[in-house]
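Look at the model below and keep the sequence beside it.

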Amino acid sequence: MEMLGMDERTVTSNPNDNGEGRVMKKPKVVIITGPTASGKSKLAVDLASYFPIEVINADSMQLYRGLDVLTNKIPFSQQNGVPHHLLGTVSPNVEFTAKAFRDSAIPIIDDILDRHHLPVIVGGTNYYIQALVSLFLLDDLAEDMNESCLDDLPGVTQSDSSFIAENDSSNDSYNLLKDIDPVAANRIHPNNHRKINQYISLYARTGVLPSKVFQGKAAEKWGQVDNLRYDCCFISVDASLPVLDRYVEERVDCMMDAGLLNEVYDMHNLEADYTRGLRQAIGVREFEPVLKTCVVEDISKKEKELTEGSSTEIGETLSDGNLVEWLKSSSDSKSIILLEEAIEKVKVNTRRLVRRQKRMLNRLQTLFGWNIHYVDSTESISSKSDDVWASQVVESAMKIIRSFLSENESWASTVELSNLTGMKIIQRDLWTQFICKACGDRVLRGSHEWEQHKQGRGHRKRVSNLKSKARGLTFVDQKLEYSECN
């Protein structure tokens with residue numbers, strides 16, 4: 001196993017300063033990301049055979065306690081003694097934000113580095129990772145600014161700070177923000193009430209237009225590869241979509257056999273907020289129809305039988321066995337249909353998650369210049385071969401990390417990877433809002449997101465249908481294919 005030196009955190013002379021200045025080298029961290037079911041957690045543990053690794057979980061649902069089967073937490077028995085942090089430690093009812101993740105992970109990374117170990121951040125929640133490695137959270141920038149920073153902003157006067165937002169209605173907040181700062185309003189979705197209120201609060205407290213803050217020099221460099229908190233080695237475990245789709249379906253079936261429905265039943269609550277905490281996980285809301293119409297009704301019947309006395313043993317409850325088997329054995333065909341529909345929804349939503357994660361990684365490359373090294377797990381997933389996994393995934397990742405940890409000259413040569421793959425950093429545009437009429441006035445933020453949307457199968461199908469309906473007319477409105485730009 002390779003040992004890590006302390007040179008990553010040592011104050012050294014900067015050759016560009018002619019010996020007069022001193023700079024702090026950025027700590028080195030490895031980030032293993034990629035779509036769900038690609039093998040990220042397994043790779044991190046296997047790499048511990050080569051490096052003194054400690055894992056920091058960056059999966060937004062695996063952070064929470066509970067639903068171990070549903071969230072696919074790596075079991076303790078498979079961690080092979082590798083320390084895992086932020087895994088199953090947060091209350092399931094708490095909304096754990098990207099800021100909370102960042103604030104929790106930074107001191108853990110510092111402690112790992114103090115132990116001369118290598119911090120490895122593992123997970124597919126890319127906005128968590130982006131929040132951690134960026135020097136600041138873009139939307140929290142104003143909260144971290146002092147008065148001197150505000151004074152440097154052009155066009156800001158003390159008289160502006162007299163404004164106080166008096167309208168707290170979520171329905172009117174977006175219109176209020178458009179009146180205050182239409183440029184900033186275009187940057188966010190009309191339903192993102194948290195950011196809307198945050199921007200209004202910024203203006204109320206400081207008199208500074210949010211757009212002036214977020215279009216400043218600091219914000220322009222936000223998230224760029226040369227403006228990160230750490231010296232990062234980005235590795236993405238990836239596989240072809242057809243293979244991932246099949247594996248996702250197999251994995252959901254295995255989860256059902258392992259008691260997924262029992263887990264969801266144990267935390268079922270008709271009054272719960274399913275937009276916060278662990279209940280946001282794919283696989284919770286999908287089973288609501290089953291639990292509401294079948295399980296709850298049959299539990300009441302079961303409890304009545306137990307109370308009045310029956311052949312059922314006292315103390316036996318519905319959740320003592322596998323709920324899937326219990327429902328399938330039921331004579332109620334409705335229960336079976338609802339169960340099968342719920343399982344299919346879990347599979348469909350997981351496949352959609354895979355695609356969103358892939359798009360986000362592409363965005364981090366093209367918009368922010370992240371040098372992401374891809375290791376392909378397609379064959380290992382298809383063949384289910386440990387030898388293929390070791391040779392094609394583990395060994396490839398090991399070589400990437402070994403190069404990253406070596407002298408800067410060696411590591412610098414790998415930075416050219418993005419050029420070899422033809423990827424180019426494009427100018428970020430988050431300030432133009434597009435509305436797709438063909439897709440029911442869907443709001444898209446920035447030209448990059450809009451271009452991706454236009455290439456999507458759903459958009460093209462809707463445009464084609466609309467054109468078919470318009471066939472025979474002398475004029476087809478061009479807005480059916482291209483959005484209005486606010």
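Arg115 and Glu54 form a salt bridge, with their closest N and O atoms 2.8 Å apart. Arg115 sits in the loop between α2 (98-114) and β6, while Glu54 belongs to strand β4 (residues 53-57), so the pair ties together parts that are 61 residues apart in sequence. A salt bridge here means a side-chain nitrogen of Lys or Arg within 4 Å of a carboxyl oxygen of Asp or Glu. Helices (H or I, at least four residues) and strands (E, at least two) are DSSP runs, numbered from the N terminus.

This is a predicted model, in which local features need pLDDT of at least 70 and side-chain atom pairs count only at pLDDT 80 or more, whereas totals for chains, interfaces and linings use all residues. Residues are numbered from 1 along each chain as its sequence is written, and side-chain values use heavy atoms, with hydrogens and water left out.

Is Glu54 buried or exposed? Glu54 counts as buried because its relative accessibility is 3%. Arg115, at 41%, counts as partly exposed. The cut-offs are under 20% relative accessible area for buried, over 50% for exposed and in between for partly exposed (1.4 Å probe, protein chains only).

The structure holds 15 salt bridges. Another one joins Asp253 and Lys347 (3.0 Å, N to O). Asp253 lies in helix α11 (residues 241-257) and Lys347 in helix α15, so this pair links parts 94 residues apart in sequence. By contrast, Asp103 and Lys99 both lie in helix α2, four residues apart, which is about one turn of the helix. Their side chains meet in a salt bridge of 3.1 Å, N to O.

Next comes strand β3 (residues 28-33). Six of its six residues are buried, so β3 is largely enclosed by the rest of the structure. In a regular strand, side chains alternate between the two faces of the sheet. In β3, Lys28, Val30 and Ile32 are buried on one side, and Val29, Ile31 and Thr33 are buried on the other. Two strands pair if DSSP finds at least two bridges between them. β3 runs parallel to strand β7 (residues 231-238), joined by six bridges, and it pairs in the parallel sense with strand β6 (residues 118-122) over three bridges.

Finally, Arg352, Arg356, Arg359, Arg442, Lys461 and Arg462 form a positive surface patch. Patches are made of residues with over 30% relative accessible area and no salt bridge, like charges being joined within 9 Å and nonpolar side chains (Val, Leu, Ile, Met, Phe, Trp, Tyr) within 5 Å. The largest share, three residues, comes from α15.

Key:
Accessible areas come from the Shrake-Rupley method with a 1.4 Å probe; for residues, only the protein chains shown count as cover. Lys and Arg count as positive and Asp and Glu as negative; His and the chain ends are not counted. The place of a charge is taken as NZ of Lys, CZ of Arg, CG of Asp or CD of Glu.
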